[in-house]
Amino acid sequence: MKARVIVTLKNGVLDPQGQAIEGSLSSLGFSGVAGVRQGKVFDLEVEGTDVEAARSQIKAMCDKLLANTVIENYAIEISN
């Protein structure tokens, strides 16, 4: 089964890379863009057919490695 993990900074955490992207977009002529936040996406292939077992395993991966849960949130999407 396939899974996608989307990791984003929590609200209130400074995002200098997002601010740099926002400034660059403006410099390139893209007006009306504000509040850019940068994140990460992980695409995983997980063996098995039990969606809840896969979700539990991926949650453990996020808590231990994929996300810094002090400053980041994550969302898990699973498809067969």
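**Surface patch**

On the surface, Leu28, Phe30 and Val33 form a nonpolar patch with about 310 Å² of accessible area together (Shrake-Rupley method, 1.4 Å probe, only the protein chains shown counting as cover; patch residues have over 30% relative accessible area and no salt bridge, with nonpolar side chains joined within 5 Å). Valine 33 lies in the loop between helix 1 (16-27) and strand 2 (39-45), helices being DSSP runs of H or I with at least four residues and strands runs of E with at least two. Its relative accessible area of 37% makes valine 33 partly exposed, a class between buried (under 20%) and exposed (over 50%).

**Basis of the model**

The model is predicted, so local features need pLDDT of at least 70 and side-chain atom pairs pLDDT 80 or more, whereas totals for chains, interfaces and linings use all residues. Residues are numbered from 1 along each chain, and side-chain values use heavy atoms, without hydrogens and water.

**Glutamate 72**

Glutamate 72, in strand 3 (residues 72-79), counts as buried at 12% relative accessibility. Its side chain reaches the backbone nitrogen of asparagine 68 at 2.7 Å.

Notes:
Patches are made of residues with over 30% relative accessible area and no salt bridge: like charges are joined within 9 Å, nonpolar side chains (Val, Leu, Ile, Met, Phe, Trp, Tyr) within 5 Å. A salt bridge is a side-chain nitrogen of Lys or Arg within 4 Å of a carboxyl oxygen of Asp or Glu. Buried means under 20% relative accessible area, exposed over 50%, partly exposed in between (1.4 Å probe, protein chains only). A polar contact is a pair of N or O atoms within 3.5 Å; within protein, one must be able to donate a hydrogen and the other to accept it, and residues adjacent in sequence count only if both atoms are side-chain atoms.
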